[in-house]
Amino acid sequence: MAAGGAHTDGRRTRWAEHRAARRLVLIDAAADAVREHGANVGMDEIARAAGTSKPVIYRYFTDKADLYRAVVTQMAGSLLGRIVAAMDGVTEPRAEIAAGVDAFLSVLEEDPELYRFAMTHQSDAVDDVVRDYTAGIGEIITQRLREHLTEQGRDPAAAAPWGIAMVGLIRAAGDWWLDHRAAMSRDQLAEYLTALLWGGAAGVYTLGGGSAESRVPAHLFPEREP
């Protein structure tokens, strides 16, 4: 009996491993299809990219929403990882802001259709993932702000709304930039957003008696020609 049970468990384990591996392959194929066909890609294009059929895909995903959620979850995890890696080890406050902003915008620049896919496919499942990743980015920034405020001898409670507001500003600007990339380069937008965000943050850091250059670089706001 025990031997039979062990044999059955082994088959279940192998099937679970196969299913998980196959899901990853299909998620990657779906992401590739989004990159090729755009955010409004259909299941037919995804099946062709995967070299299979829609019925086979549905063996591994409950429905289209389940697949879409998995694609967005993978994208969100990659985005969070990029931001964490960019800010890791950076201790100077302004440089932290610059690193986080640039990491976010770099993902949008490299994978614009995948980002649009995540933002435009409205469903409870996908919306939950987007909210979670937005909250995750907010918590990363908030924790950094808490640390800096604590070092300044200030109440860190203000870090939460501050961090969430920063995420909202960066995300809104990024969404705009995707449709207006001719207006400025990624580097220009990153410098612009960093300067604006740091302009407010620098005032807080000076409360501790330190010095912080808060002036926005003049080249970001050139004078109009007469």
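For the surface, a patch is taken to be made of residues that have over 30% relative accessible area and no salt bridge, with nonpolar side chains joined within 5 Å. The model is a predicted one, and in it L196, V216 and F221 make a nonpolar surface patch of about 240 Å². Of these residues, V216 lies in the segment after α9 (186–205), and with a relative accessible area of 32% V216 is partly exposed. Leaving aside neighbours within four places in sequence, V216 is in contact with A195 and F221, while the C-alpha atoms of V216 and Y192, which are 24 residues apart along the chain, are separated by 8.6 Å.

M87, which has its place in helix α4, is buried, with a relative accessible area of 4%. Once neighbours within four places in sequence are left aside, the residues in contact with M87 are E96, A99, G100, I140 and R144. M87 and L207, by contrast, are 120 residues apart in sequence and lie 24 Å apart in space, from C-alpha to C-alpha.

**Aromatic rings**

A pair of aromatic rings is described by the distance of the centres and the angle of the planes. With rings counted as a pair if their centres lie within 6.5 Å, the count comes to two aromatic pairs. In one of them, the rings of Y68 and F117 have centres 4.8 Å apart and planes at 75°, so this pair is edge-to-face. Because Y68 lies in helix α4 (residues 64–87) and F117 in helix α6 (residues 112–120), the pair ties together parts that are 49 residues apart in sequence. Y68 and F117 are both buried.

The rings of F104 and Y115 have their centres 6.1 Å apart and their planes at 90°, so this pair, too, is edge-to-face. F104 lies in helix α5 (residues 93–110) and Y115 in helix α6, so the pair ties together parts that are 11 residues apart in sequence. Both F104 and Y115 are buried. A ring also takes part in an arrangement with a charge: the charged end of R181 sits over the ring of W177, at 5.7 Å from the centre of that ring.

**Salt bridges**

Side chains of opposite charge can pair when their charged atoms come close. A search of the whole structure finds 14 salt bridges, and the table gives some of them.

| Salt bridge | Closest N and O atoms |
|---|---|
| D32 with R35 | 2.8 Å |
| D179 with R116 | 3.3 Å |
| R131 with D128 | 2.3 Å |

D179 is exposed, with a relative accessible area of 54%.

D32 and R35 both lie in helix α1 (residues 2–37), where they are three residues apart, about one turn of the helix. D32 is partly exposed at a relative accessible area of 43%, and R35 is likewise partly exposed, at 40%. R131 and D128 are three residues apart in helix α7 (residues 124–151), so about one helical turn separates them; at 33% relative accessibility, D128 counts as partly exposed. Beyond these pairs, D102, E109, R186 and D187 are linked in a network of salt bridges.

Key: Residues numbered from 1 in each chain as written. Predicted model: local features only at pLDDT ≥ 70, side-chain atom pairs only at ≥ 80, totals over all residues. Heavy atoms only, no water. Phe/Tyr/Trp six-rings, centres within 6.5 Å; stacked < 30°, edge-to-face > 60°. Helix = DSSP H or I, 4+ residues; strand = E, 2+ residues; numbered from the N terminus. Buried < 20%, exposed > 50% of the residue type's maximum accessible area, 1.4 Å probe, protein only. Lys NZ or Arg CZ within 6 Å of the ring centre and 35° of its normal. Patch = residues over 30% accessible without salt bridge, like charges linked within 9 Å, V, L, I, M, F, W, Y side chains within 5 Å. Areas by Shrake-Rupley, 256 points an atom, 1.4 Å probe, with all protein chains shown as cover. Salt bridge = Lys/Arg side-chain N within 4 Å of Asp/Glu carboxyl O. Contact = heavy atoms within 4.5 Å.
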